[in-house]
Amino acid sequence: MIKIAVTGAAGRMGGRIITAIKEAEGLVLSGAAERSGHAMIGQDAGLVAGCGPLGVSITDDLEQALADAEVLIDFTFPEVTLKNLEICSRLGRKMVIGSTGFTPEQREWVARLAQGIPVVLAPNMSVGVNACFKLLKEAAQILGEGFDVEIVELHHNKKKDAPSGTAVRMGEVVAEAMGRDYNQCAVFHREGMTGERTPEEIGMQTVRGGDIVGEHTVYFIGMGERIEITHRAMSRDMFARGSVRAAQWLGDKAPGLYDMQDVLGLK
Ligand SMILES: NC(=O)C1=CN([C@@H]2O[C@H](COP(=O)(O)OP(=O)(O)OC[C@H]3O[C@@H](n4cnc5c(N)ncnc54)[C@H](O)[C@@H]3O)[C@@H](O)[C@H]2O)C=CC1
Ligand SMILES: O=C(O)C1=N[C@H](C(=O)O)C[C@H](O)C1
């Protein structure tokens with residue numbers, strides 16, 4: 001049995017992850033953490049997740065939640081994740097990170113701490129989006145300079161970061177395949193007399209509203225034709241199952257930073 005702790009246990013993803021752990025073979029939830037002051041502290045994590053009692057109370061003490069665990073699954077916020085990573089690094093626990101919105105400096109810090117423990121960090125744990133990353137690389141290489149690239153992402157009105165981590169990764173994949181630097185060519189805002197679009201830029205557009213789980217479209221727009229690669233998430237369950245699969249995959253891995261392409265064997 002692989003023992004797993006979940007932090008952000010009462011969050012939108014936390015509940016789906018706890019349910020996915022319960023449904024998976026060979027895994028057991030051994031700890032659940034939330035922020036201090038959260039109304040669900042002390043409650044049974046399975047009841048909070050809606051999958052029935054699991055005998056694990058939600059605590060605000062991560063070290064207590066990690067006492068029996070081999071792996072921590074963390075879908076929270078960058079600042080919280082970095083603190084949790086330091087604790088996992090000190091205690092020698094593996095980690096699966098789904099949080100998004102990291103700055104380049106924060107990503108470097110994750111990479112540095114992952115030199116001591118195995119870590120999977122991925123902005124999107126679904127098989128479909130990771131297949132899209134591969135398709136996008138190939139499309140960008142085939143289509144090349146004659147096509148303008150625009151990326152549009154849609155998410156629910158509770159999402160805190162923009163553009164989504166997935167959209168940023170899609171932009172990075174396309175930019176790299178076209179020999180560009182995403183940080184130099186991404187354009188996040190157009191208003192007023194912007195002048196003509198440059199061929200190099202990658203437009204990044206964000207839509208927020210209602211309960212949209214997550215939708216990403218990359219447009220390759222040429223003269224007289226257009227390719228659109230779209231991924232639509234219908235529920236959060238495949239993100240949760242992906243994070244559980246990553247936790248299982250980490251079993252025998254050496255310290256280092258991995259992503260879902262590693263987990264899914266897509267590299
Ligand atoms: N990689 C992937 O496949 C996916 C990533 N995400 C990302 O996961 C993150 C969380 O998303 P949601 O679950 O929708 O957000 P949410 O806001 O529903 O959940 C976050 C939870 O973290 C808790 N939290 C805050 N501070 C904490 C602390 N110090 N210790 C423990 N828990 C703490 C909050 O109370 C909340 O319950 C976001 O960054 C989102 O972009 C979301 C879906 C899929
Ligand atoms: O916050 C979300 O909900 C999601 N976040 C991830 C991201 O930022 O890419 C993945 C998914 O689209 C849902």
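**Talking through a predicted model**

Student: What makes α9 enclosed by the rest of the structure or open?

Tutor: Count its buried residues. A residue is buried if 20 or more other C-beta atoms lie within 10 Å of its own. In α9, 10 of the 13 residues pass, so the helix is largely enclosed. Among them are Met238, Phe239, Arg241, Val244 and Arg245.

Student: Why is leucine 72 called buried?

Tutor: The cut-off is 20 or more other C-beta atoms within 10 Å. Leucine 72 has 28, so the label buried holds. This residue is found in strand β4 (residues 71–74). Leaving out residues up to four places away in sequence, its contacts are Ala5, Thr7, Leu66, Asn84, Cys88, Arg93 and Met95. Serine 30 is 42 residues from leucine 72 along the chain, with 9.9 Å between their C-alpha atoms.

Student: What makes β3 and β12 the edge strands?

Tutor: Start with the strand order: β3-β2-β1-β4-β5-β6-β12, an open sheet of 7 strands with parallel pairing. β3 (58–59) and β12 (256–258) each pair on one side only, and that makes them the edges.

Student: How do you know that β6 and β12 pair?

Tutor: Pairing takes at least two bridges between the strands. Strand β6 (residues 118–121) is joined to β12 by 3 bridges, so the two count as paired, and they run parallel. Valine 119 has leucine 257 in β12 as its bridge partner.

Student: Which strands does helix α4 (residues 78–91) lie across, and at what angle to β4 does it run?

Tutor: Helix α4 lies across β1, β4 and β5 (94–97), at about 180 degrees to β4.

Student: What makes up the shell around ligand 2, by class?

Tutor: There are 1 nonpolar, 7 polar and 1 charged. Pro123 and Lys159 are among the residues around ligand 2, and Pro counts as nonpolar while Lys counts as charged.

Student: And which classes are found around ligand 1?

Tutor: Its shell has 10 nonpolar, 12 polar and 4 charged residues. Helix α1 (residues 12–23) gives the largest share, 3 residues.

Notes. Residues numbered from 1 in each chain as written. Chains lettered and ligands numbered in written order. Predicted model: local features only at pLDDT ≥ 70, side-chain atom pairs only at ≥ 80, totals over all residues. Near = placed C-beta within 6 Å. Helix = DSSP H or I, 4+ residues; strand = E, 2+ residues; numbered from the N terminus. Buried ≥ 20, exposed ≤ 12 C-beta atoms within 10 Å, placed from the backbone. Contact = placed C-beta atoms within 7 Å. Axes fitted to C-alpha atoms, helices over the stretch in contact; angles between N-to-C directions.
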